[in-house]
Amino acid sequence: MNGKRAFEILQKIGFERMSGTKEEEKAAKIICDEIEKMGGKPEIEEFEVNSQTIHKAKLEVLEPEYKEYKVIGYGNAGSTKEEGLVADFYYMTTDSIIDKELAKGKIVLINGRLTMNVYKRIVEAGAVGFISFCGELKDAYDDIDLAYPELRQPLKDIKVLPGVSMNVHDAVDLVLSEPKKVKLTLVQDEYKILSHNVISKIEAKNKTDETIILTSHYDSVRYSTGVYDNGAGSVINLEAYRYFLENKPNRNLIFIWCGSEERGLLGSKAYVKKHEEELKNVKIVINCDVAGPVLGADEIFVTANEEILSYCKALGSELAFPANYHLDIYSSDGVPFTDKGIPSISVTRFGTSGTAYIHNHHDIIKYLDYKNLEKTGNYLIQLVNKIDKSQFMPFSLNVCDQIKEKVDKYLFKK
């Protein structure tokens, strides 16, 4: 692949492009334009996602002394009454019986971000609202992005509780002030909007039903240009697309640039749902999510079986490509396919701690370079090429029990 060319395209899509926004659609159009320049034919598939307009999000301490904190409301978390929800405050730190008893009927502060386990805990405890916080205390107050939080559908299916998120420095101040009674106000309208998958197919030079899918997501989160996560994977797959247009594959290739990955793999889930009948011909999925940091290491995640893991390692040795290899789940667009029994491999390059950032305004292009895009991309292209050129699939296509268990837990089936 041509790393410089990929880096130039990466700069074109290096802007905030959140799920379902005009900016996400603009990025999809840029990807389509690049495909058409190569002589390919892109398609756009729309799918619905939840959205909202938050009119009011407010957290006030009423007793013992009045104070108001800057917060952002959780999207799709319902609404309180216009005048707000008043309740006693409790800082809930564990899942112990004691914590659950003390949290009943209260607005609770939780540690860090909202996870499925934490949400179940506060719902089971009988809390009436929640507060999370973001950032690290080592960071200056103004350098912390108040993340765009959302009550995702699996959590909504349990119960809808109103919630807000605050700066970690404010969370410290809140706890030290020992509030007795607080008021949480969240008023929003909820509705559906459209997100988009970009899809383009390269047919095999000789007719066959066997198919390999290549995925990457092109959306970002609020505040982030998303060049590392995951403009980098998107442009690597554009280079892979170019290579296979020029070097016709033996098997059909389907390239999918997924929208709304950052909100729970919504683009890949939508694709799997719409194309479930066609998945019987898909042999493997190759996913690329995060790449390009100057300081870091390549990481290959095989969400399948030991045989495919060994195959990936052997290719790395053949190409003199140093990487770390894992038989594990990777939180990205390969998972919905593996949930349907299709092996997936995620090709990535992680930045060393403190050298590359995701999900905040520090995800910027100056921490990346074209040479590392090229190295990761070349491994991905050679991996697909080697699998494609094999007369028979060069490994078993089963998903081992260990991985099935992890996928089920990840998708909240267990």
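By salt bridge I mean a side-chain nitrogen of Lys or Arg within 4 Å of a carboxyl oxygen of Asp or Glu. The pair links distant parts of the chain, with Lys 12 in helix H1 (residues 3–12) and Glu 34 in helix H2 (residues 22–37), 22 residues apart. Helices here are DSSP runs of H or I of at least four residues, strands are runs of E of at least two, and both are numbered from the N terminus.

Before going on, the ground rules. This is a predicted model, in which local features need pLDDT of at least 70 and side-chain atom pairs count only at pLDDT 80 or more, while totals for chains, interfaces and linings use all residues. Residues are numbered from 1 along each chain as its sequence is written, and side-chain values use heavy atoms, with hydrogens and water left out.

Back to the pair. Is Glu 34 buried or exposed? Glu 34 counts as buried because its relative accessible area is 6%, and the cut-offs are under 20% for buried, over 50% for exposed and partly exposed in between, with a 1.4 Å probe and protein chains only. Lys 12 has 40% relative accessibility, so Lys 12 counts as partly exposed.

The count by this rule comes to 24 salt bridges. Another of them joins the side chains of Glu 136 and Lys 138, at 3.4 Å from N to O. Glu 136 is partly exposed at 43% relative accessible area, and Lys 138 is exposed at 68%.

Next, helix H7. Arg 242 forms a salt bridge with Glu 239, and their closest N and O atoms are 3.6 Å apart. Both residues lie in H7, three residues apart, which is about one turn of the helix. Arg 242 and Glu 239 are both buried. Elsewhere, salt bridges that share partners join Lys 58, Glu 60, Glu 68 and Lys 183 into one network.

Now the backbone. Most residues other than glycine have a negative phi, and most peptide bonds are trans. Where are the cis bonds? One joins Glu 63 and Pro 64, with omega about 5 degrees. Pro 64 sits in the loop between strand S1 (43–63) and strand S2 (67–69). A cis peptide bond also joins Asp 229 and Asn 230, with omega about 0 degrees. Asn 230 belongs to helix H7 (residues 227–246).

On phi, Asn 76 is not a glycine and still has a positive value of about 60 degrees. Asn 76 lies in the loop between strand S3 (71–73) and strand S4 (85–91), and it counts as buried because its relative accessibility is 1%. Phe 412 also has a positive phi, near 60 degrees. Phe 412 is in the segment after helix H12 (401–410), and at 41% relative accessibility it counts as partly exposed.

A search of the whole structure finds one cavity of 30 Å³ or more, and the volume of the largest cavity is about 30 Å³. The terms come from a 1 Å grid over the protein atoms alone: a cavity is a set of points where a 1.4 Å probe fits but cannot get out, a pocket is an open set with protein on both sides within 12 Å along at least five of seven lines, and lining residues have an atom within 4 Å of a point. Grid points are joined across faces, edges and corners, and a volume is the space filled by probe spheres set on the points.

What lines the largest cavity? The lining is Tyr 228, Ala 356, Tyr 357, His 362, Asp 363, Ile 364, Tyr 367 and Leu 368.

The second largest pocket holds about 330 Å³ of space. Of its 16 lining residues, the closest to its centre are Glu 203, Thr 208, Asp 209, Thr 211 and Asn 252. Strand S9 (211–217) and strand S10 (252–258) are the elements that give two or more residues to this lining. S10 gives the most, with three residues.

I'll stop on the outside. Leu 176, in helix H6 (residues 168–176), counts as exposed because its relative accessibility is 68%.
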